[in-house]
Amino acid sequence: MSTMCPACSGILTRGPVCGCGEEMVDSGPVTDYFGPYSPYFNLHFESGLCVHLFSCPACGYDRRIAVNLEDM
Ligand SMILES: [Zn+2]
Ligand SMILES: [Zn+2]
């Protein structure tokens, strides 16, 4: 059994809604931002999560959101 990230594979087409009401856009996975000493590093590899950066095209707000990996 293997898992995949629905956001990385393009299945997840709807982003979260920003505080301004605009739908946020997936800017890609941000695992590169985390080093081995970050708590997110182990979170990503052990908990089946892929962290993505979502940004709002309207106001420029961005946030990191952990996407659950799904079984194939
Ligand atoms: Zn992903
Ligand atoms: Zn916004």
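Where is the place of cysteine 20? I looked, and cysteine 20 sits in the loop between β1 (3–4) and β2.

**Ground rules**

I noted that this is a predicted model, where local features need pLDDT of at least 70, side-chain atom pairs count only at pLDDT 80 or more, and totals for chains, interfaces and linings use all residues. Residues are numbered from 1 along each chain as its sequence is written, while chains are lettered from A and ligands numbered from 1 in the order in which they are written.

**Confidence**

I checked pLDDT, the predictor's confidence in each residue, from 0 to 100. The protein chain averages 81, and 75% of the residues score at least 70. Confidence is lowest in helix α1 (residues 39–46), with a mean of 51. It is highest in β2, at 91.

**Elements**

I listed the DSSP runs, numbered from the N terminus: helices are H or I of at least four residues, strands are E of at least two. The protein chain has 1 helix and 5 strands. From the N terminus on, their order is β-β-α-β-β-β.

**The sheet**

I traced an open sheet of 3 strands, ordered β2-β3-β4, with antiparallel pairing. Two strands pair if DSSP finds at least two bridges between them. β2 (25–29) and β4 (62–68) are the edge strands, each pairing on one side only. Neighbouring strands are turned by 35° against each other on average, direction ignored. For that angle, axes are lines fitted to C-alpha atoms (for helices over the stretch in contact), and angles run from 0 to 180 degrees between N-to-C directions.

I then went through the bridges. β2 and β3 (residues 49–55) run antiparallel and are joined by 3 bridges. Valine 25 has serine 55 in β3 as its bridge partner. Proline 29 stands opposite histidine 52 in β3. On the β4 side, 7 bridges join β3 to β4, also antiparallel. There, histidine 52 has isoleucine 65 as its bridge partner.

β3 and β4 form it with 6 residues between them. Glycine 60 in the turn has a positive phi of about 85°.

**Burial**

I used C-beta counts, with the atoms placed from the backbone: a residue is buried if 20 or more other C-beta atoms lie within 10 Å of its own, exposed if 12 or fewer, partly exposed in between. Buried residues make up 10% of the 72 residues in the protein chain. Which residues of β3 point to one face and are buried? They are Cys50, His52 and Phe54.

**Contacts**

I counted two residues as in contact if their C-beta atoms, placed from the backbone, lie within 7 Å. Among contacts in the protein chain with a separation of 6 or more, 51% are between residues 24 or more positions apart.

**Back to cysteine 20**

Why does cysteine 20 count as exposed? It counts as exposed because it has 11 C-beta neighbours inside 10 Å. Not counting residues up to four places away in sequence, cysteine 20 touches Cys56, Ala58 and Cys59. The C-alpha atoms of cysteine 20 and cysteine 56 are separated by 8.7 Å, with the two residues 36 apart along the chain.

**Leucine 12**

I found leucine 12 in the loop between β1 and β2. Leucine 12 has 15 C-beta neighbours inside 10 Å, so it counts as partly exposed. Leaving aside neighbours within four places in sequence, leucine 12 is in contact with Pro6, Ala7 and Val67. Its C-alpha atom and that of aspartate 26, 14 residues apart along the chain, are separated by 9.4 Å.
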